[in-house]
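Here is a plain tour of one protein model, written for someone meeting it for the first time. Have a look at the structure, then read on.

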Amino acid sequence: MTSRRAVWALGAVAVLVVAALVSAAAIAWLSVRDGSAPQTGAPAVTGAVGTGPGVGEYLVRAGNCEGCHTARGGARFAGGRAIETPFGIVFSSNLTPDASGLGGWSSDDFWRALHNGRSRDGHLLYPAFPYPNYTGLARADADAMFAYLKTVTPVAQANKAHALGFPFDQQAALAVWRALFFRPASFQPEPSRSPDWNRGAYLVETLGHCNACHSQRNVFGATADPLDLAGGLIPMQNWYAPSLTDAAEASVADWPVADIVALLKTGVTERATVQGPMAEVVAGSTQYLHDSDLAAMATYLKALPVRPVNIVATDDAAAPAIAAAGQQLYETHCSACHGDQGAGVAGAYPALAGNRAVALTPAVNLVHVVLRGGFAPSTAGNPRPFGMPPFATVLTDAEVASVLTYLRSAWGNRAAPITTLDVSRYRGAAD
């Protein structure tokens, strides 16, 4: 009798949950179909970087729009790039002024997509398009971006249907997601902060959409808010975007502004080298930004609250033996470039001693670099970057684990060892 009551109780709870979700969907659905007039957004003085020709193109660069809206080998801005998510594949849309793209759109339609996450016909857009960040854009900036996109070469290419499983392919399910995790908003400057800080906050939180990578996502694929830059594993890409608020990961609180600007401009400094998805961001976006805007972003990033370093000691008894085997592999394959003491070569090969990227946990980025090779972006300031060859066919998983365990314990580095199982798992993610 007791178990029967428990079953009925669970059934009742399930019915209530379903009813709540249906109600939320109905409310959200009505709210996004209300046809309300577009809002004006943040004041133009906070957003727009001047007026006249070139502003829209500059802002489109700042948002790295081409990176997602250009398929590999495809025409610029014609869409069709497959963006993998835990719920299926979303294909980016055509942003050219062809009839299959933005040809029939108005500036109001474009603004509604950025600010409200709704397409021209009113259907809801998937947040793989980062409108939870773009919602804070100034209307003047959105209009400038639209004006530029109307001038790019038209490409007749119909948008591809997303490949999402049920119920994620349903607008009602997306409406529930929005009801839970999205509210249209405008960027509001902090009166107590400097103009540079506010400008940097605007760029980082909206156009830069930095938290789309540098934050954890919940089971529904939502981030906390644009201020959350505490690091996270990028879904499906399986690169770890390090925390910008952790002194042991990627905080730049103690960096000179000039060094932060240099990293965003060229991809390489004596302190760090960008790799993986961040290399794409530098190559396609931040290298083109004005130094004044990069300095503003640096000012904002330097001011983020910093968590203290918390070194976790390891008691893995097998680690010394693994590291000893790794040392031999390092001397064979790595020391010629990175040096016997992991000091690297300035301007060419990064130092491994005291390198925060070496000690990151999870160590997925290190495994990616060893297996796939390490390549900084080619930029105007560093047109011929040095690279590292891939070792996927040279080293076994056990050997990769050994050499990385050695790196994470040598020359003052203090990080947990990497197991063969870790490498096998990350190798699968890299393929």
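This is a predicted model: local features need pLDDT of at least 70, side-chain atom pairs count only at pLDDT 80 or more; totals for chains, interfaces and linings use all residues.

Asp143 is partly exposed, with a relative accessible area of 29%. Arg139 has 15% relative accessibility, so it counts as buried.

Arg139 has another partner too: its side chain meets that of Asp108 in a salt bridge, at 2.6 Å from N to O. This pair links distant parts of the chain, with Arg139 in helix α7 and Asp108 in helix α5 (residues 107–116), 31 residues apart. Asp108 is partly exposed, at 34% relative accessible area.

## A bridge across the sequence

How many salt bridges does the count come to? The count is 12. One of the pairs is Glu280 with Arg81, where the closest N and O atoms are 4.0 Å apart. Glu280 lies in helix α11 (residues 276–284), while Arg81 is in the loop between α4 (65–69) and β1 (82–85), so this pair ties together parts that are 199 residues apart in sequence.

Now for the aromatic side chains. Searching the whole structure turns up 14 aromatic pairs. Take Phe129 and Tyr134: their ring centres are 5.6 Å apart and their planes meet at 70 degrees, so this pair is edge-to-face. Phe129 is partly exposed at 22% relative accessibility, whereas Tyr134 is buried, with a relative accessible area of 4%. Another edge-to-face pair is formed by Tyr406 and Trp411, with 5.5 Å from centre to centre and 75 degrees between the planes. Here Tyr406 is buried, at 10% relative accessible area, and Trp411 is partly exposed, at 22% relative accessibility.

Phe129 and Tyr134 also belong to a cluster: ring pairs link them with Tyr131 and Phe182. Some rings have a charged neighbour over the face. Arg61 lies over the face of Tyr288, 3.8 Å from the ring centre. Arg425 does this with Tyr426, at 5.0 Å from the ring centre.

His209 is found in the loop between α9 (195–207) and β4 (232–233). Is His209 buried or exposed? It has a relative accessible area of 19%, and because the cut-off for buried is under 20%, His209 counts as buried.

Which residues does His209 touch, leaving aside its neighbours within four places in sequence? The contacts are Gly63, Pro130, Asn133, Tyr134, Leu203 and Val204.

## Out on the surface

Leu180, Phe181, Val219 and Phe220 form a nonpolar patch on the surface, and together they have about 410 Å² of accessible area. Phe181 has its place in helix α8 (residues 171–181). With 31% relative accessibility, Phe181 counts as partly exposed.

Ala161 is in the loop between α7 (139–149) and β3 (163–164). It counts as exposed, at 65% relative accessibility. In sequence, Ala161 and Ser93 are 68 residues apart, while in space they are 9.7 Å apart, C-alpha to C-alpha.

## The whole protein

Stepping back, the protein has 17 helices and seven strands. Of its 431 residues, 43% are buried. The accessible surface comes to about 21,300 Å², and carbon and sulfur atoms account for 60% of that.

What share of the contacts between residues at least 6 apart in sequence join residues at least 24 apart? That share is 66%. The bridge between Glu280 and Arg81 gives a picture of how parts that are 199 residues apart in sequence can be tied together.

Methods
Residues are numbered from 1 along each chain as its sequence is written. Side-chain values use heavy atoms; hydrogens and water are left out. Patches are made of residues with over 30% relative accessible area and no salt bridge: like charges are joined within 9 Å, nonpolar side chains (Val, Leu, Ile, Met, Phe, Trp, Tyr) within 5 Å. Accessible areas come from the Shrake-Rupley method with a 1.4 Å probe; for residues, only the protein chains shown count as cover. Helices (H or I, at least four residues) and strands (E, at least two) are DSSP runs, numbered from the N terminus. Buried means under 20% relative accessible area, exposed over 50%, partly exposed in between (1.4 Å probe, protein chains only). Rings of Phe, Tyr and Trp (its six-membered ring) pair if their centres lie within 6.5 Å; planes under 30 degrees apart count as stacked, over 60 as edge-to-face and the rest as tilted. A charge sits over a ring if NZ of Lys or CZ of Arg is within 6 Å of the ring centre and within 35 degrees of the ring normal. Contact means heavy atoms within 4.5 Å.
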